[in-house]
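Work through the exercises below with the sequence and the coordinates open side by side. Try each task before reading its solution.

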Amino acid sequence: MALLRVEDLKTYFQTDAGLVKAVDGVSFTVNEQEIVGVVGESGCGKSVSWLSVMSLINPPGKIMGGKVLFEGKNLLEYTRHSPEMRAVRGAKISMIFQEPMTSLNPVLTVGEQVSEMLRWHLKMNDKEAKERTLYLMNLVGIPDAKNRYDDYPHQFSGGMRQRMMIVMAMSCNPRLVIADEPTTALDVTTQAQLLELLNEMVKEFQSSLVLITHNLGVVARYAHRIYVMYAGRVVEEGKAEDIFERPQHPYTIGLLKCTPRLDEEEGRELEPITGLPPNLINMPPTCAFLPRCKYRKERCAEEPWPPLFPVGPDHYARCLLHENAEGRVNMND
Amino acid sequence: MSDGPAVIGKAATVANFQEAPPRISEWKRFRRVFFGRGMVVVGSLILLCVFLTAIFAPWLAPYDPYKPGVGNPLEKPSKRHLLGTDNLGRDQLSRLIFGARTAILVGFVSVIIAAVIGITLGIAAGYSRGPANPLIMRLMDALMCFPNILLALVIAAILGGSIVNVIVALTVALIPTYARVACGLTLSVREYDYVLASRLMGFGNFYIMFRHVLPNVFPPIMVLVTLQLGAAILAEAGLSFLGIGIEPPGAAWGAMVSDGYQYMMSNPVLSLAPGLAIMLTGFAFNMVGDGLRDAVDPRLRGLL
């Protein structure tokens with residue numbers, strides 16, 4: 001069953017240089033206890049779309065349309081500062097950031113920062129909040145939690161801080177956790193540990209997880225379904241194995257071709273995607289990937305960006321190649 | 001020196017790794033940083049003296065500070081009158097002691113009220129992305145157009161000279177500085193991820209402003225507060241010197257400097273003593289402010 005359904009979400013930024021359509025008609029579904037990966041390069045709108053879900057877009061950004069259906073309610077009907085929205089944030093949907101160095105308040109002890117959430121949302125008293133915080137700190141593997149409770153963030157290493165962020169995100173037993181590039185700032189061994197931990201935690205708490213990343217390796221292992229975003233839109237969506245084994249959108253194919261894999265024969269040349277991502281200001285209505293596309297046809301320059309065509313069971317791609325059912329692409333061609 | 005390595009054996013190293021050193025409490029750290037610098041200690045001692053003097057003035061003062069003619073006018077310092085007497089024959093030492101009360105009262109009350117109002121306005125303005133920011137800050141700019149002392153002078157002149165009016169005048173004059181500094185600091189702090197994080201955690205705006213933003217902007221403001229304490233005492237002295245501060249029989253250091261100033265050649269102690277008191281108190285506040293800034297910030301506390 002769908003826990004969260006985002007329909008046709010649009011978030012635009014009015015800048016001096018022009019209108020930036022950071023998120024332009026994006027739809028997502030997250031089912032109960034599902035791990036969803038959202039992949040795309042910098043500036044493709046992945047973070048903005050999830051901040052929009054939380055109604056935390058600051059001016060000049062504005063959510064122009066769409067629906068965010070969570071537990072049967074459209075969150076976009078609430079105003080940013082409404083008590084209803086605040087009761088969702090942190091308690092029902094929580095978020096983990098990319099930069100553990102700056103996402104903890106430097107002048108409050110780490111334990112206190114978790115406890116205050118528990119007091120705020122679950123109305124716990126000081127003692128209950130501290131107990132639960134210590135329990136969670138033990139759960140994520142912070143040694144000597146009792147003593148570390150009173151430490152300040154600067155006394156923690158990057159990996160430990162990110163563990164504290166996970167504690168914070170999990171503290172109120174949320175239905176959905178959004179992890180915005182949770183491991184980008186960490187070294188590779190710590191990355192693996194943290195992803196494993198995150199995976200275990202959402203299982204333990206029966207939450208759903210959205211993994212936002214530009215790292216295909218991160219989602220490959222954990223995600224059940226994947227959305228690939230480009231220039232503010234979803235260009236391909238499908239089950240993880242479909243995306244990795246049978247990618248259908250030229251952008252996804254390009255991404256996979258420039259990523260080394262352990263399970264392939266040696267000697268494959270990595271192929272970069274040539275060109276640069278488009279400037280989001282005043283974009284033409286045609287396919288945004290067109291200038292970089294190896295599969296482009298003349299028609300692509302004339303037609304507006306097509307809708308998502310079905311290319312398999314639960315597998316969609318936004319490309320004219322798939323206008324007709326027979327248009328499947330084999331990546332190795 | 002040669003037997004060094006033998007003493008630090010392998011066992012000792014291992015033991016050190018396994019046993020966590022005992023935790024130093026934050027309060028202990030605070031004291032260690034705060035009292036770690038000589039100047040801060042000196043400043044604290046001076047302030048302590050000033051405070052005690054202010055509190056115990058009636059017991060410390062050898063004479064009634066308001067009663068003229070306890071000695072002859074303009075007596076030189078002697079055993080009976082340690083700092084001599086002023087032109088009305090009042091005991092200068094007693095007046096100096098009672099002047100500490102005025103200074104502390106005016107300084108603290110006006111600075112604290114101004115800080116509370118100014119910081120609140122500043123954080124609200126800095127945190128808000130709506131019309132509150134220009135509204136509050138333009139108002140502060142308008143207030144800032146007037147030199148502090150002139151503004152206080154105008155207010156004191158309108159309201160008349162009394163200790164309450166001096167406090168009101170100084171408070172109004174000091175508010176814009178706090179608002180400005182707090183607003184600027186908040187503008188930078190609000191962009192940090194932890195502020196976004198606390199919004200994501202569902203906290204309300206007021207809670208975030210005072211629980212998450214305030215402690216982060218506080219250390220620099222702390223220094224400003226202590227600087228302003230010194231400045232407020234000076235400003236009060238200035239107002240009194242100009243004759244629109246404390247009503248005449250009352251004892252204020254500034255007024256004493258101003259009164260004694262005419263006798264500078266014959267009896268310099270009359271204005272030098274209160275002048276020195278003003279200077280030392282101002283200096284002490286600045287030193288303590290520096291010490292506090294380093295000690296209230298948990299990040300610096302760990303390093304120093």
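This is a predicted model: local features need pLDDT of at least 70, side-chain atom pairs count only at pLDDT 80 or more; totals for chains, interfaces and linings use all residues.

Residues are numbered from 1 along each chain as its sequence is written, chains are lettered from A and ligands numbered from 1 in the order in which they are written, and side-chain values use heavy atoms, with hydrogens and water left out.

**Exercise 1.** Determine the strand order of the open sheet in chain A, and state which strands stand at its edges.

Solution. Begin with the elements, where helices (H or I, at least four residues) and strands (E, at least two) are DSSP runs numbered from the N terminus, and two strands pair if DSSP finds at least two bridges between them. The 4 strands of this open sheet follow the order E2-E1-E4-E5 in chain A, with antiparallel pairing. Strand E2 (18-31) and strand E5 (73-74) of chain A each have a single partner strand, so they stand at the edges and one side of each is left without a neighbour in the sheet. Next, take the pair formed by E1 (residues 2-15) and E4 (residues 61-70) of chain A, which is antiparallel over 8 bridges; here Glu7(A) stands opposite Lys67(A) in E4(A).

**Exercise 2.** Decide how many residues of helix H10 of chain B are buried, and find what they pack against.

Solution. Apply the accessibility classes: buried means under 20% relative accessible area, exposed over 50%, and partly exposed in between (1.4 Å probe, protein chains only). Of the 8 residues of H10(B) (residues 193-200), 7 are buried, among them Tyr194(B), Leu196(B) and Arg199(B). Then look for contacts, meaning heavy atoms within 4.5 Å: the buried residues of H10(B) pack against H1 and strand E6 (93-96) of chain A, and also against helix H6 (92-127), H9 and helix H11 (205-241) of chain B. Just after H10(B), Gly202(B) takes a positive phi of about 90°.
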